[in-house]
Amino acid sequence: MSPTPLEAPSYVLWETTLACNFRCAHCAASAGRPREAELTTAEALDLCDQMATMGVPAVGLMGGEPLVRRDWTRIAERLRERGVEVGLITNGWLFNDRVAAEVERLGICQVAVSLDAANPDMHDRLRGKTGAFKRAVEAIRRIAGLPLAYKTVITSVSRTNLPELPAMADLLFDVAPGFTWMINVASCHDPGRFDPSNLLDEAGFLELTRFIAKKRRECRGRLDVTGTHDLGYFSTVFPDLHNFTWHGCVAGLETLGIRSNGDVTGCLVMDDSFIEDNVRRRPLAALWADPDAFAYNRRFRVDMLQGACRGCEHGDQCRGGCRDHAASFTGSMFDYPFCLHRLERDGLLEGDGL
């Protein structure tokens with residue numbers, strides 16, 4: 001059964017620029033230089049108005065690195081003036097006292113900082129910038145002192161930094177009280193930056209699962225540890241891994257991704273093949289309302305499932321897990337590689353009770 005999309009996206013993730021002062025190995029967008037023909041300030045402000053008129057309740061500003069874009073405060077201010085909640089996702093390098101004051105002035109509700117290791121040298125290496133770890137931790141400390149509704153640290157896990165997670169938990173337990181620690185599985189979008197052999201395998205995925213399940217219990221009340229949409233699904237052995245209930249990929253149903261040149265996808269981690277249209281050609285509301293858009297989710301049928309997902313009793317609800325990870329790991333957006341339900345069914349989680 002095809003899910004019914006909302007009248008407006010419940011959340012829009014907006015890549016305001018692809019320009020970035022880092023060169024992260026796992027970056028889904030291969031950020032660094034700006035995209036060709038990025039939206040002008042006038043176009044960006046018009047897009048803010050379009051989203052507000054549609055009734056979009058919340059927008060996350062990211063990049064690249066959003067703080068590199070000189071008019072980021074004007075964009076955030078326009079959204080806030082129109083009643084839209086605003087979040088900011090940053091690598092922390094430019095998050096100084098002045099930026100922290102702007103965040104408070106603008107009434108931004110969330111700031112998320114990326115941190116990929118407790119070892120400074122490893123984080124710097126993964127992020128392609130000497131001193132990145134120091135700046136990220138400084139940013140986290142600043143955020144801790146701000147009156148934000150949501151304070152977040154985001155970690156992308158590969159074989160390289162999987163062993164770092166226990167030390168990271170200790171670090172964040174100390175410096176990030178009241179934060180949410182969102183842990184996702186790194187995928188390979190640019191083999192020139194990220195060696196595919198560094199992707200988690202089944203054993204690594206299970207190690208990460210066990211870690212999140214354990215830390216959600218141990219850190220509760222001090223640090224909110226959660227997996228993201230690429231971790232799951234339908235396990236009775238590990239029923240508590242997220243701050244949400246999984247009901248399938250929500251790209252194009254509840255969420256929207258907008259690139260800095262105006263291209264629109266259901267989710268920003270999706271590649272060029274998922275581009276629906278561009279806001280310079282069509283108003284965002286018309287694009288969202290197009291019955292032919294986001295067909296992979298809006299016109300989903302259970303018989304579209306492939307590989308190990310075909311015939312699953314949860315297929316109608318799960319719909320094949322995270323689209324990006326399914327496509328990245330198996331080549332099919334309807335065949336998820338590391339499903340906990342399947343591993344449990346096959347007896348690979350026996351003795352894993354917490």
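Predicted model: local features only at pLDDT ≥ 70, side-chain atom pairs only at ≥ 80, totals over all residues.
Ten of them make an open sheet, in which 10 strands run in the order 7-6-5-4-3-2-1-8-9-10 with mixed pairing. Go to the two edges: strand 7 (224-227) and strand 10 (277-278) each pair on one side only.

From strand 7, step to strand 6, residues 180-185; these two strands pair in the parallel sense over 4 bridges. To see one of the contacts, select Ile-183 and look across to strand 7, where its bridge partner is Gly-227. Strands of a sheet pair through backbone hydrogen bonds, either parallel or antiparallel.

Next select strand 1 (residues 11-15) together with strand 2, which also pair in the parallel sense over 4 bridges. Glu-15 stands opposite Met-62 in strand 2.

Stay on strand 2, residues 58-62, and show its side chains. In a regular strand the side chains alternate between the two faces of the sheet. Here Ala-58, Gly-60 and Met-62 point one way, and Val-59 and Leu-61 the other way.

**Aromatic side chains**

Now show Phe, Tyr and Trp. The structure holds 9 aromatic pairs. Pick out Phe-300 and Phe-334: their ring centres are 6.0 Å apart and their planes meet at 35°, so the pair is tilted. Phe-300 is in the loop between helix 9 (295-298) and helix 10 (315-318), while Phe-334 is in the loop between helix 11 (323-330) and helix 12 (340-345), so the pair ties together parts that are 34 residues apart in sequence. Both Phe-300 and Phe-334 are buried.

For an aromatic cluster, select Phe-205, Phe-329 and Phe-338.

Select Trp-93 and Arg-135: the charged end of Arg-135 sits over the ring, 3.9 Å from its centre. Then move to Trp-288, where the charged end of Arg-298 sits over the ring at 4.7 Å from its centre.

Rolling a probe the size of a water molecule over the atoms shows where empty space is left. How many cavities of 30 Å³ or more does a search of the whole structure find? The search finds 2.

The largest cavity holds about 90 Å³ of space. Select Cys-309, Cys-312, Cys-318, Cys-339 and Arg-342, which are the closest to its centre among the 13 residues that line it. Helix 10 and helix 12 each supply at least two residues of this lining, and helix 12 gives the most, with 3 residues. By class, the lining of the largest cavity has 8 nonpolar, 3 polar and 2 charged residues.

The second largest cavity has about 40 Å³ of space. To outline it, select Ala-25, His-26, Asp-116, Leu-126, Ser-156, Ser-158, Asn-161 and Phe-194. That lining divides into 3 nonpolar, 4 polar and 1 charged residues.

**An open pocket**

Finish at the second largest pocket, whose volume is about 210 Å³. Select Phe-234, Pro-239, His-242, Phe-244 and Trp-246, which lie nearest its centre out of 14 lining residues. In this pocket the lining consists of 8 nonpolar, 5 polar and 1 charged residues.

Technical notes:
Residues numbered from 1 in each chain as written. Heavy atoms only, no water. 1 Å grid on protein atoms, 1.4 Å probe; cavity = no way out; pocket = protein on both sides within 12 Å on 5 of 7 lines; lining within 4 Å. Points joined across faces, edges and corners; volume = space filled by probe spheres on them. Nonpolar A, V, L, I, M, F, W, Y, C, P; charged D, E, K, R; others polar. Pairing = 2+ DSSP bridges. Phe/Tyr/Trp six-rings, centres within 6.5 Å; stacked < 30°, edge-to-face > 60°. Buried < 20%, exposed > 50% of the residue type's maximum accessible area, 1.4 Å probe, protein only. Lys NZ or Arg CZ within 6 Å of the ring centre and 35° of its normal.
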